[in-house]
Amino acid sequence: MINLGVLVSGSGTNLQAIIDAIEAKKLKCSIGVVISNSHGAYAVHRAKRHNIPVEIIPNNIANTREDYDTIIIDTLKRYSVDLVVMAGFMRLLTPKFVRAFPMRIMNIHPALLPAFPGLNVQRKAVEYGVKFSGATVHFVDEGVDTGPIIIQSAVPVYDDDTAETLRQRILKEEHKIYPYAIQLFVEGRLEVKGRRVIVKEHPKIKGSMQNPCYADD
Ligand code: GRF
């Protein structure tokens, strides 16, 4: 069974969506470890509530970003992690980390990449005046939010939206598409061809998760 290592820094609603999908048997994998760079992250509380092993690795544990990532890599290997899932982990990964798990690190970003990479992107989308934004799950490469895109879900941006109302609307989509993207990986259906991720046909496995972008709520 594919074993996940989930990296978190914040409230952990995406972690919760992944846990819920596993418990509902829609997502057929395990979470071997949740790693947080912050003691106070609510995500840590969520993991503990579900008896998932937690490792806190504070930012100041290492002098360089590479040394920090070496500790994370070692921890992930110690828990036999197959797929690294970044769920609101507020650090940029070094090339060493990315090369240790090639096309085996996923991230979720609250915008329709390649528009609005980086931080505070819901506010930037509202201020820019785009009519649609959304969520993107992608593999992590050595750039910032530049890796091959696995799945996206779009939401409208309304005239009276604030960064917060848009954030909430996008978050709902995140919770649908992240477990789905992970399940596609679990089923071995993601084929990376250069920048493109091809989603291979499902060999008609019963009970497989429906693409949430086409499913009713
Ligand atoms: C989400 O908006 C995600 O897209 C971004 O960080 C946020 C994490 O939220 N990468 P949560 O901790 O999963 O609630």
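## Surroundings of Phe185

Leaving aside residues up to four places away in sequence, Phe185 touches Ile2, Leu83, Met103, Arg104, Met106, Phe139 and Leu190, a contact being heavy atoms within 4.5 Å. Phe185 belongs to helix α6; helices (H or I, at least four residues) and strands (E, at least two) are DSSP runs numbered from the N terminus. One of the contacted residues, Arg104, lies 81 residues from Phe185 along the chain, with 9.0 Å between their C-alpha atoms.

Phe185 has a relative accessibility of 16% and therefore counts as buried. Buried means under 20% relative accessible area, exposed over 50%, and partly exposed in between, with a 1.4 Å probe and protein chains only.

## Basis and confidence of the model

The model is predicted: local features need pLDDT of at least 70, side-chain atom pairs count only at pLDDT 80 or more, and totals for chains, interfaces and linings use all residues. Residues are numbered from 1 along each chain as its sequence is written, and side-chain values use heavy atoms, with hydrogens and water left out.

The average pLDDT (the predictor's confidence in each residue, from 0 to 100) is 96 for the protein, and 98% of the residues score at least 70. Confidence is highest in strand β4 (residues 83–86), at 99, and lowest in strand β9 (residues 196–199), at a mean of 97.

## Overall fold

The protein has 6 helices and 9 strands. Its radius of gyration is 17 Å, close to the 17 Å that the globule rule gives for 217 residues, so the protein is as compact as a globular protein of that length. This radius is taken over C-alpha atoms, and the rule is 2.2 Å times the number of residues to the power 0.38.

The C-alpha trace spans about 45 × 45 × 40 Å along its principal axes. Of the 217 residues, 48% count as buried. Among contacts with a separation of 6 or more, 64% join residues 24 or more positions apart.

## The largest pocket

The largest pocket has a volume of about 950 Å³. A pocket is an open set of points on a 1 Å grid over the protein atoms alone, where a 1.4 Å probe fits, with protein on both sides within 12 Å along at least five of seven lines; lining residues have an atom within 4 Å of a point. The volume is the space filled by probe spheres set on the points, which are joined across faces, edges and corners.

The lining comprises 38 residues, and Gly88, Phe89, Met90, Ile108 and Leu119 lie nearest the centre. Helix α6 gives the largest share, 4 residues.
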